[in-house]
Amino acid sequence: TIIDLRNCGSSCSGSNSNGRNSCSETYGAIVEYTVDDTDYVIELSSCTNPAPTIGNDIKVLYDPDDPEEGVNGSWVGLYLAPTILLAIGIPIFCTITVVCCIASRSKFLGKDKPMEVNGAVTTIG
């Protein structure tokens, strides 16, 4: 259950229609959860605007051997960062692969290509 909020700071997103910077506060949830009649409190690392609602229940994942170390169990808490990294990383990897393939192909089609000159095979370059 969300028991309190912490201020994560301001988030600015450029200019609004009046030409002024559009800044807003972001908030992180402080969550309390109970394991075997023991209460634990964690501060979630994610910050949002609008602020989470105090009193809302959220899913917390924890190690049964060490329940003090809880993490946000929502999709955003678990998969958002890896999804963003994959969305950025896959195109970069593909671009590098294509550039390397083109470069290696041009090497074999260019000046290092063996040629036959007057009946003898030679390499130009």
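A patch, as I use the word here, is made of residues with over 30% relative accessible area and no salt bridge, and nonpolar side chains join it within 5 Å. Keep that in mind. One more caution: this is a predicted model.

Now the patch itself. Leu 61, Val 71, Trp 75, Val 76, Leu 78, Tyr 79, Leu 80, Ile 84, Ile 88, Ile 92 and Ile 96 form a nonpolar patch on the surface. Together they have about 980 Å² of accessible area. Which element gives the most to the patch? Helix H1 does, with nine residues.

Take two members. Ile 88 lies in helix H1. Its relative accessible area is 48%, so Ile 88 is partly exposed. The cut-off for exposed is over 50%. Leu 78 also lies in H1. Leu 78 has a relative accessible area of 32%, and that makes it partly exposed. Remember the patch rule: over 30%. Leu 78 can also be set against Leu 61, another patch member. Their C-alpha atoms are separated by 9.9 Å, and the two residues are 17 apart along the chain.

Step back to the whole chain. It has one helix and seven strands. Along the sequence the pattern reads β-β-β-β-β-α-β-β. The chain has 125 residues, and 13% of them count as buried.

Next, the largest pocket. It holds about 200 Å³ of space. The lining has 14 residues, and the closest to the pocket centre are Leu 44, Ser 46, Thr 48, Pro 52 and Asn 72. Which of them gives the largest share? E3, with four residues.

Side chains of opposite charge can pair when their charged atoms come close. How many salt bridges does the model have? The count is one. The partners are the side chains of Arg 6 and Glu 43, at 3.4 Å from N to O. Arg 6 lies in strand E1 (residues 2-15) and Glu 43 in strand E3, so the pair ties together parts that are 37 residues apart in sequence. For Arg 6, the cut-off matters: buried means under 20%. Glu 43 counts as exposed, at 53%.

Asn 49 and Pro 50 are joined by a cis peptide bond, with omega about 15 degrees. Where is Pro 50? Its place is in the loop between E3 and strand E4 (60-63).

Asp 36 is not a glycine, yet its phi is positive, about 50 degrees. Asp 37 is not a glycine either, and its phi is positive at about 65 degrees. As for cover, Asp 36 counts as exposed at 72% relative accessibility. Asp 37 is exposed as well, with a relative accessible area of 79%.

To close, keep two items in view. One is the nonpolar patch, with H1 giving the most to it. The other is the salt bridge between Arg 6 and Glu 43. Over to you.

Key:
Residues numbered from 1 in each chain as written. Predicted model: local features only at pLDDT ≥ 70, side-chain atom pairs only at ≥ 80, totals over all residues. Heavy atoms only, no water. 1 Å grid on protein atoms, 1.4 Å probe; cavity = no way out; pocket = protein on both sides within 12 Å on 5 of 7 lines; lining within 4 Å. Points joined across faces, edges and corners; volume = space filled by probe spheres on them. Helix = DSSP H or I, 4+ residues; strand = E, 2+ residues; numbered from the N terminus. Patch = residues over 30% accessible without salt bridge, like charges linked within 9 Å, V, L, I, M, F, W, Y side chains within 5 Å. Areas by Shrake-Rupley, 256 points an atom, 1.4 Å probe, with all protein chains shown as cover. Salt bridge = Lys/Arg side-chain N within 4 Å of Asp/Glu carboxyl O. Buried < 20%, exposed > 50% of the residue type's maximum accessible area, 1.4 Å probe, protein only.
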